[in-house]
Amino acid sequence: MQNEEIVFGTYTKRSSKGVYQATLNGENGQLEDAKVVTQIGGPTYTTQGPNQILYVVDKQVDQGGVAVVNRKTGEIKQEVLSTGASPAYLGYDAKRQFLYVGNYHKGTAEVYQIAADGQLTLADTFTNHGSGPRPEQESSHVHFTNLTPDQKLAVVDLGTDEIFFFDVQANGKLTHPTTFKFEAGFGPRHIRFSPDGKTAYVLGELSSQLAVLDYMDGQMRLRQIVSTIPADWTEHNGAAALRVTQDGRFVYASNRGNNTVAVFAVQDDGVKLIQLISTEGDFPRDMALNQNETYLVVANQNTDNVSVYVRNPETGMLKLVQQDFLIPEGVRVEFIK
């Protein structure tokens, strides 16, 4: 098995310098050769664009936004900044050449047109309003902006317990929204889909629950809700990352607080929790499967370590193969395609 490159987004509150890159050894699952890709403030999320371009969340003093970075040289080609907090999520639309930006603190979703050289121009902004019953839901908090299998833009709002689905026009304008509202306090964070696009999985950060829903043309119907943590867990937990395997048989969710990865097997009527495995660190954020889904890589933000698991493709179960790889304040895990 060949080696693969991984990019790590981080906070830069303590020791991190910015965006890091490392190599996953395909033979033994060991991470190697960590190095800084580019020095930038608070690059908590990344996504690959065209022609070696990496779009990176950017924070400079009292401004936040997106940086356009050459991944090979580390050169910052453009910074799109505005007063206030930096975004939480970036989604890349390769077919239409748009970047979708979710702003947690501003409650907005932005659409940027991407030029041939990767530079960004704002095309449209959606602003949501509202709140929920939990302390973290005092206002709108957009936490996810990316495409559905049928090419709509899904905007997930943790603060208002809503998901919006928009049509995206050729000029980047958002139209014809439909809305699904969860039970108050669910706190949706991320949405993923089955390979056939008919099932949606939504992770509730605030409720530590996974929702299974039927999806079609911007409409959803709730089928099941299951917990991502043990029934006797009483301390704080926030569910974070959500991944679905290419064969659609397994779903993985990370738990910040319980510090585990929850493994779910997909069944005819929903999912079943089959494993809770320690992340061997504190506050696991993002995680990613490598190209052939042999390995799962998880970043622990508070303990500055990345853990790697080998995955049984038949059972979906995980086994730890590395736990002490240093990435400071790791948040985002993205394999380079």
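Modeller: Two strands pair if DSSP finds at least two bridges between them, a strand being a DSSP run of E with at least two residues, numbered from the N terminus. The model is predicted: local features need pLDDT of at least 70, side-chain atom pairs count only at pLDDT 80 or more, and totals for chains, interfaces and linings use all residues. Residues are numbered from 1 along each chain as its sequence is written, and side-chain values use heavy atoms, without hydrogens and water.

Biologist: What makes strand S5 and strand S6 a pair?

Modeller: Eight bridges join S5 (residues 53-60) to S6 (residues 63-70); the rule asks for at least two, so they pair. In one of the bridges, Ile53 has Asn70 in S6 as its partner. The two strands run antiparallel.

Biologist: Why is the sheet S4-S5-S6-S7 called open?

Modeller: Strand S4 (46-48) and strand S7 (76-83) each have a single partner strand, so one side of each has no neighbour in the sheet. These two are the edges. The pairing in this sheet of four strands is antiparallel.

Biologist: How do you know that a residue lines the largest pocket?

Modeller: A pocket is an open set of points on a 1 Å grid over the protein atoms alone, where a 1.4 Å probe fits and protein lies on both sides within 12 Å along at least five of seven lines; a lining residue has an atom within 4 Å of a point. By that test 36 residues qualify, and Asn146, Arg192, Arg243, Val244 and Lys337 are the closest to the centre. S4 and strand S8 (89-93) are among the strands that each supply at least two lining residues.

Biologist: Which residues lie nearest the centre of the second largest pocket?

Modeller: Tyr11, Tyr104, His105, His143 and Arg285, out of 33 lining residues. S20 gives the most to that lining, with three residues.
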